[in-house]
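Visitor: Before we look at the terms used for this model, could you take me through them one at a time, setting each value against its definition?

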Amino acid sequence: MPDLSGKVAVVTGGNSGIGLIECRELARHGARVIIACRDQEKGDAAAADIRADLESRGHSAEVEVRRLDLASLDSVREFAEEVSGELADGLDLLVNNAGVMAPPRLETEDGFELQFGTNHLGHFALTGLLFERLKDRPGSRVVTVSSIAAKLGRLNFDDLNGKQRYGRWQAYAQSKLANLVFALDLQALINEAGLDMKSMAAHPGVAATNLTSAGNDLDNGMMGLISKPFLKLNDLVIAQSSEAGALPVLRAATDPDLAGGTYIGCDGMGERRGKPVVVAPRNLALNREVAGQLWQASVEATGVEFDFNPVPAKS
Ligand SMILES: NC(=O)c1ccc[n+]([C@@H]2O[C@H](COP(=O)([O-])OP(=O)(O)OC[C@H]3O[C@@H](n4cnc5c(N)ncnc54)[C@H](OP(=O)(O)O)[C@@H]3O)[C@@H](O)[C@H]2O)c1
C-alpha cells in the first residue's frame, strides 16, 4: 500500500470484521480514518485498538468515530451533513463496507427490507450525499464491498423489498448484486461526466467475521438449525482470516495502477480465499439497462440524486 498521509477515509462498519482491518491498515499507512458505525461504544473500542496498535509502532493514529445507521435515511443524512461540514477540503476515500447477512425478514426505519435497505440503499444514499466532497479531491475513490453471493443473486424489480416473497439468502444475494451493479455503474457515470474519480468493487472471499459467526440474526427455526452449524464449519474450515478478507478491499482502495470500475476478489478456488486479484464480474453486473433500472429505483427509494456536474474552478 502507498503512503496515505494527508488522505481522509470513511469506512462504514469500521468497528468489526474486515472493516476494522481496513481502518487499521489505512491508519497504519498514514490516512486520517473516520469509523462510521451504528454503535458508538463498539466504534470507540475499535478506535482504541487502532490507536494502541499504532502507538506500539511508535506512531500516532488519526482515527475518529462517527455514528451512522445505514438502516435509517435520517441517520445517513445526519452523518453526511456532519462529515461534509467537517471535511471542507474533501474526502479521498469512501469504503462502503458495512453489511448484514440473512436475517429473518425485517425492515429498516424507512420500511425497506433490511438487507437491501442497509447493504445497498443506505450506501447508495451515503455515496450520493458525500459525492460533492469526493469530487473536491482529485483521484478520490469509492469502494463498494460485494460478495461471491452476488453471482447467485437476481434483482427482483417487481419486489425489491421482498414483500411478496422473502428468502433470507436470496435477499442477501440480491443486496450484494446491487452493490456490484452500483459500483460498476457509478464508474460508467463518472466516465460520462469526465470526473477525476474512481468507483471500485471488491469482495473478501469467505472470511471469518461476525457476519459468518453464529452471532448474527439467524433465528432458531429450521433455517437457523441448518445455517448455524454450516456457518461455524465455514469459519473453521473454509474461511480465511479477516486480515486476508480485507486485502481485496484495501487493494481496490489504494492500488494506484488500477483503472476505475475494477472488481477485486481472491485468486483461490471459487474466489473463496487467496491473494487479492482482479476478478471478472458476471455479465449481468455490466448490463447498463439493468444498472439504470436499479439506479432509478434507488433514487426513488432514497430521494438522493447524485450531482455529476464538474466542480466549478476555485477563484
Ligand atoms: N465475511 C465474509 O465472508 C464476507 C463475504 C462476502 C462479503 N462480505 C461483506 O463484507 C462486509 C463486511 O462484513 P464482515 O464480514 O466484516 O462482517 P461483520 O464483522 O459483521 O461487520 C459488519 C459491519 O457492518 C455493520 N453494520 C451492520 N448493519 C449496519 C447498519 N445498519 N449501520 C451501520 N453499520 C452496520 C456492523 O455493525 P455492528 O458491529 O454494530 O453489528 C459491522 O460493523 C459486508 O458488506 C459483507 O456483506 C463478507
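Guide: Let us begin with F308, which, leaving aside neighbours within four places in sequence, is in contact with F131, K135, L186, L189, I190, A193, L195 and W295, where contact means heavy atoms within 4.5 Å. This is a predicted model, in which local features need pLDDT of at least 70 and side-chain atom pairs count only at pLDDT 80 or more, while totals for chains, interfaces and linings use all residues. Residues are numbered from 1 along each chain as its sequence is written, and side-chain values use heavy atoms, with hydrogens and water left out.

Visitor: What makes a set of residues a nonpolar core, and which residues have the most contacts inside the largest one?

Guide: The term stands for a set of buried Ala, Val, Leu, Ile, Met, Phe, Trp, Tyr and Cys residues joined through side-chain atoms within 4.5 Å. The largest such core has 52 residues, and those with the most contacts inside it are L130, F131, L186, W295 and F308. Several elements each supply at least two residues of this core, among them β1 (8–12), α3 (73–86) and α8 (288–302), and the largest share, ten residues, comes from α5. A second, separate core of 33 residues includes L54, A61, V145 and A207.

Visitor: Why is H123 called buried?

Guide: Buried means under 20% relative accessible area, exposed over 50% and partly exposed in between, with a 1.4 Å probe and protein chains only; H123 has 1% relative accessibility, and therefore counts as buried. H123 lies in helix α4 (residues 114–135), a helix being a DSSP run of H or I with at least four residues.

Visitor: How do you know that the side chains of H123 and T12 form a polar contact?

Guide: A polar contact is a pair of N or O atoms within 3.5 Å, and within protein one must be able to donate a hydrogen and the other to accept it, while residues adjacent in sequence count only if both atoms are side-chain atoms. The contact joining the side chains of H123 and T12 is 2.8 Å, so the pair falls within the 3.5 Å limit.

Visitor: Which residues come nearest to the ligand, and how much of the ligand is buried by the protein?

Guide: Of the 29 residues around the ligand, N15, S16, R38, N97 and T209 come nearest, a residue being near if one of its heavy atoms lies within 4 Å. A polar side-chain atom of R38 lies 2.7 Å from an oxygen atom of the ligand, and one of D69 lies 2.8 Å from a nitrogen atom. Taken alone the ligand exposes 890 Å², of which the protein buries 94%, areas coming from the Shrake-Rupley method with a 1.4 Å probe.
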